[in-house]
Amino acid sequence: LVSSPVIVSLLAVIGIVAMRISCAGVVAALLCIAIAESQPTGFEDREVLDGGALGGGMVVDFAWTPPEAGGQLIVIKKEGEIQVYEDPAGDNSYSAKSVALDLSPVLCANSERGVEGIEVHPEFATNRFIFVYYTFNKNGNCDEDPFNGPVNRLSRFVLPESNVIDINTETVFFETPSLEYDHHNSGDIAVGKDGHLWVTVGDGGSTFTGVASDPGNILGSIIRITLEGNIPSDNPYTFESGESNSVRCNETGVPPVGSPEGAKCQEIFAIGMRNPFRFAMDPNTEDDKVRFYVNDVGQAKWEETSEGGTDFAGTHYGWPAREGPCPNSKVNDCADQHPYQDPVHFYIHNSEAGGGACTGGAFVPNGIWPHEYDGAYLFGEYVFGHIYILRDTGEPPCITCDPPVSNMDVEVFTDYDRVLTIKFGPYGDTQTLYYSGVPGAIRRVTYVGDGNRSPEAVILADPTSGPVGVTVQFSGAGSADPDGDGLSFEWDFNGDGAVDSTVADTSYTYPVAGLYVATLTVSDGNGGTTTSKVEISVGNKPVPVITRPVEGATFAVGDVITLVGSATDVESSDNLPDTALTWEVRQHHDTHFHPFLDETNGNNIVLSPAPEPEDYFAAGNSYLEIILTATDSDGLSSTVTRLVQPKIVYVDFDTNPSGLEIFLDGSRFTTPGTATTWENHPLRVEAPDQFNDGQAYVWSSWSTGGGQAHTITIPSASATNPKYVAEFTQFTGTFAPTMAPTQPYRCVPGFLGIVAKETPLLNEETFVNEEYGVYIVQQDDGNLVVRRGTPDNPGEEIWSHGETGGASSYYTRLNGDSNLITSAGSPDNEGDQLWKSNNVNPEGDYFLGISCDSAVVSIYAGRWNNPGVSVWNSVPTPAPTSAPSKAPTTKPPAAAPVALPTESAAQPSAPTDASPGATPPPEASSTSASKLLNTLVGLILPVILLSVLL
């Protein structure tokens with residue numbers, strides 16, 4: 001059901017009958033993706049580098065240096081290596097590998113962490129710069145720790161002509177906050193046509209803290225910085241763009257200590273991402289326009305692709321409030337109004353395949369393939385094992401369908417298990433498609449049209465293992481040429497490079513123990529050549545045994561698990577040394593798995609802490625698989641496995657009155673019911689204020705204590721299920737709803753909900769919220785007024801902006817471009833514009849909110865993520881003893897990128913921090929009239945800042 005940030009989620013693949021489906025059709029219940037068996041006619045899909053050439057491990061990303069600098073292929077491995085492959089023949093065949101840098105000494109590569117992304121500077125030929133995104137072991141541990149854990153980091157390195165990187169050339173451009181969880185890392189990097197560096201950053205698994213919706217935290221965002229690590233002046237949260245509360249967040253991923261409350265990060269270009277694993281720049285846009293598609297890996301229900309670029313400054317893509325086209329955890333009733341950016345393509349998870357995971361993506365450059373492919377978008381589906389081609393049908397998506405259906409036409413382009421990265425790269429005097437995935441290999445798809453196509457080499461071997469002296473029968477008779485050309489065969493049975501046979505069917509006797517790779521090369525006589533390989537194991541394999549954990553062992557969240565085993569050499573009866581043992585641990589979920597421990601040599605390996613379920617849905621179908629492989633001196637190996645199940649606990653949940661919704665680890669749960677979870681799991685529970693059958697209910701308490709949203713540590717299983725009941729009261733006060741909303745109100749833990757939901761302008765001058773019976777209206781004199789009731793039955797006035805302060809007055813109107821404008825003056829003499837709805841009050845922020853625990857409508861001094869004190873309430877409360885503190889009115893110092901600390905050589909100079917022409921906002925007056933302006937802004941912000949809460 002759930003796909004995770006799949007940089008390392010090794011998912012299973014299912015096959016589906018070959019077909020081509022338009023997602024605008026009626027096949028709404030399935031993925032709406034065509035499944036085929038091979039690439040379209042006229043294309044060839046061939047291996048460029050296999051796992052052996054790459055040296056094993058997981059190929060996560062790759063990039064090329066420019067032709068004038070050698071045209072090398074740079075490959076990064078999750079485990080830490082940055083490799084460089086030369087192209088000595090000039091035919092894009094790539095060989096002569098160099099390990100330019102191994103980051104493993106400073107890397108956290110556990111679970112989904114590791115080296116994540118690479119990009120080459122556009123002026124590499126002169127400066128030799130590359131950019132790398134990786135998980136840095138900043139605090140000496142790789143734990144899941146929101147305070148002292150590792151961080152994700154974007155750095156620049158110098159790759160000299162020697163292909164050996166000095167780690168002291170590293171310049172750090174930014175770091176994230178400490179990572180609370182080991183997944184949702186993302187880390188794709190690209191240089192846009194605007195000449196700036198764009199980076200996708202996952203939310204670090206911190207779904208329930210709301211970081212992805214916070215412009216004051218770079219987790220869950222799209223970052224845009226200059227190639228020197230500075231801030232483009234037209235980023236949305238800069239002084240030049242009208243953001244007064246603007247700071248650099250490059251050192252810790254959040255505003256520096258001492259920053260004003262509610263400060264926003266200048267690096268951020270857009271927010272609301274979960275795990276934007278890969279994105280693809282559109283090469284076909286004009287001039288310096290940046291346009292891209294970003295593949296955001298989904299959680300419980302949906303996969304989605306969204307449009308981004310220079311036209312989407314300050315966009316909120318919806319996470320965690322939404323997933324795909326729907327409210328989070330839903331697959332129907334999705335046609336609600338909301339302030340978020342909807343995806344351009346989406347598809348529901350397929351439970352038979354264990355989820356779904358959109359990974360790599362690439363736009364086809366115009367002119368390199370037949371015209372019908374110009375501008376098409378290709379994306380990889382990690383779970384289903386295909387690369388798909390996406391085209392817009394020109395029809396609108398069907399959001400009212402159950403479930404919603406994308407308007408995109410999708411068909412299979414080629415097949416590959418567990419695709420990670422897709423890119424167009426150099427091929428002769430043009431470009432073509434390259435891709436990588438799991439198992440580690442890099443492949444290339446080229447268009448040959450009516451030209452000569454290479455043959456397919458098919459190798460059969462029987463047996464593939466046996467004692468010394470075994471004779472293996474080989475056959476290449478299944479090989480074929482798509483053009484019908486005659487084939488020639490060359491066999492190398494023992495890997496010595498010599499041709500051992502030239503017939504299709506042959507045999508070979510292996511006289512010495514060892515692991516051999518037999519290779520068949522098939523040629524068509526017209527320049528087309530293909531190889532195929534098979535491993536042959538000769539001799540007696542060692543016998544491994546897992547001692548701990550014992551058979552039938554179970555674990556609770558946080559337990560310490562120790563891996564102990566041994567292995568015997570059959571021929572000598574001796575025990576193999578611990579160095580001959582390799583351990584791997586996989587955390588299975590449904591039909592896919594996530595690596596919990598990468599391959600590790602040795603014995604007595606300590607795993608701590610034992611994991612918690614990936615999410616609420618994963619608790620019932622997840623477990624650990626312990627894998628032990630023993631390898632003897634002849635290179636022969638054997639593997640044994642052991643499954644370790646979690647300690648399951650069943651927990652009963654209900655509400656009073658029964659039948660209301662709660663949230664468990666962020667997923668909707670309708671009461672009464674029994675939830676499946678694990679012992680010692682910190683289960684996040686939330687009881688939102690909500691509507692049911694047209695009646696409003698307000699949370700009052702939990703039967704076991706705790707706030708409206710809090711964490712329950714699950715006890716051990718017992719004869720009677722533990723039970724938790726959320727108590728609600730029926731809300732009949734002034735703000736009872738006049739109609740049921742299309743989406744229930746939900747307080748985000750630790751924040752305040754916004755009352756004024758955005759709806760279409762009724763008469764271009766009224767903002768209304770029928771959910772709570774409160775609306776904001778612009779009167780004939782231009783003043784804003786908050787009233788109870790609805791436009792048809794307005795009720796009493798509860799707040800008005802029609803005040804004056806000393807010699808100054810303030811006036812608010814709806815501008816012709818539908819922006820709210822505040823000016824110094826009056827309707828008769830408007831005066832200078834002070835505030836616009838796409839800017840922020842330069843002195844301090846106010847907003848209209850509803851308290852999570854009392855449904856009281858209030859105006860707060862502060863921001864949605866740090867509300868401060870209330871300065872007005874719908875029920876009498878003591879007046880505040882002092883006015884809220886003001887934000888600084890001068891520009892805070894911007895922090896420069898920091899260099900990697902080392903114990904030896906001095907660091908290179910960090911980039912300068914100031915963007916050209918950056919100026920602080922003008923000094924704001926501290927008069928009472930200015931305070932009045934702040935209060936007005938509070939009434940407008942609910943309409944403008946909707947994107948952060950619902």
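Residues are numbered from 1 along each chain as its sequence is written. In this predicted model local features need pLDDT of at least 70, side-chain atom pairs count only at pLDDT 80 or more, and totals for chains, interfaces and linings use all residues, while side-chain values use heavy atoms, with hydrogens and water left out.

**Exercise 1. Confidence**

Task: State the mean pLDDT of the protein and locate stretches where pLDDT is below 50.

Solution: 
- Step 1. pLDDT is the predictor's confidence in each residue, from 0 to 100. Its mean for the protein is 77, and 72% of the residues reach 70 or more.
- Step 2. Residues 1-37 have pLDDT below 50; beyond near neighbours in sequence, this stretch has 155 contacts (heavy atoms within 4.5 Å) in the model.
- Step 3. Residues 801-827 also stay under 50, and for them the model has 90 contacts beyond four places in sequence.

**Exercise 2. The largest pocket**

Task: Give the volume of the largest pocket and describe its lining.

Solution: 
- Step 1. The search uses a 1 Å grid over the protein atoms alone; a pocket is an open set of points where a 1.4 Å probe fits, with protein on both sides within 12 Å along at least five of seven lines. Grid points are joined across faces, edges and corners, and a volume is the space filled by probe spheres set on the points.
- Step 2. The volume of the largest pocket is about 1,100 Å³.
- Step 3. Lining residues have an atom within 4 Å of a point. There are 47 of them, and W64, E119, K423, F424 and Q431 are the closest to the pocket centre.
- Step 4. Strands are DSSP runs (E, at least two residues) numbered from the N terminus. At least two lining residues come from each of strand 4 (59-64), strand 8 (115-120), strand 12 (186-191), strand 18 (276-281), strand 25 (358-363) and strand 29 (419-427). Strand 29 gives the most, with seven residues.
- Step 5. By class, the lining has 23 nonpolar residues (Ala, Val, Leu, Ile, Met, Phe, Trp, Tyr, Cys and Pro), ten charged (Asp, Glu, Lys and Arg) and 14 polar (the others, Gly among them).

**Exercise 3. Disulfides**

Task: State how many disulfides the structure holds, and describe the links C108 to C142, C249 to C265 and C326 to C334.

Solution: 
- Step 1. A disulfide is taken as a pair of cysteine sulfur atoms within 2.5 Å. The structure holds four.
- Step 2. C108 and C142 are joined with S to S 2.0 Å. Their S-S torsion is about -85°, so this disulfide is left-handed. C108 lies in the loop between strand 7 (95-102) and strand 8, and C142 in the loop between strand 9 (129-136) and strand 10 (151-158), so the pair ties together parts 34 residues apart in sequence.
- Step 3. Buried means under 20% relative accessible area, exposed over 50%, and partly exposed in between (1.4 Å probe, protein chains only). C108 is buried at 0%, whereas C142 is partly exposed at 25%.
- Step 4. C249 and C265 are joined with S to S 2.2 Å. The link is left-handed, with -85° about the S-S bond. C249 is in the loop between strand 15 (246-247) and strand 16 (264-265), and C265 is in strand 16, 16 residues apart. C249 is buried at 1%, and C265 is buried at 0%.
- Step 5. C326 and C334 are joined with S to S 1.9 Å. The torsion is about 95°, so this disulfide is right-handed. C326 is buried at 0%, and C334 is buried at 3%.

Conventions:
Helices (H or I, at least four residues) and strands (E, at least two) are DSSP runs, numbered from the N terminus.
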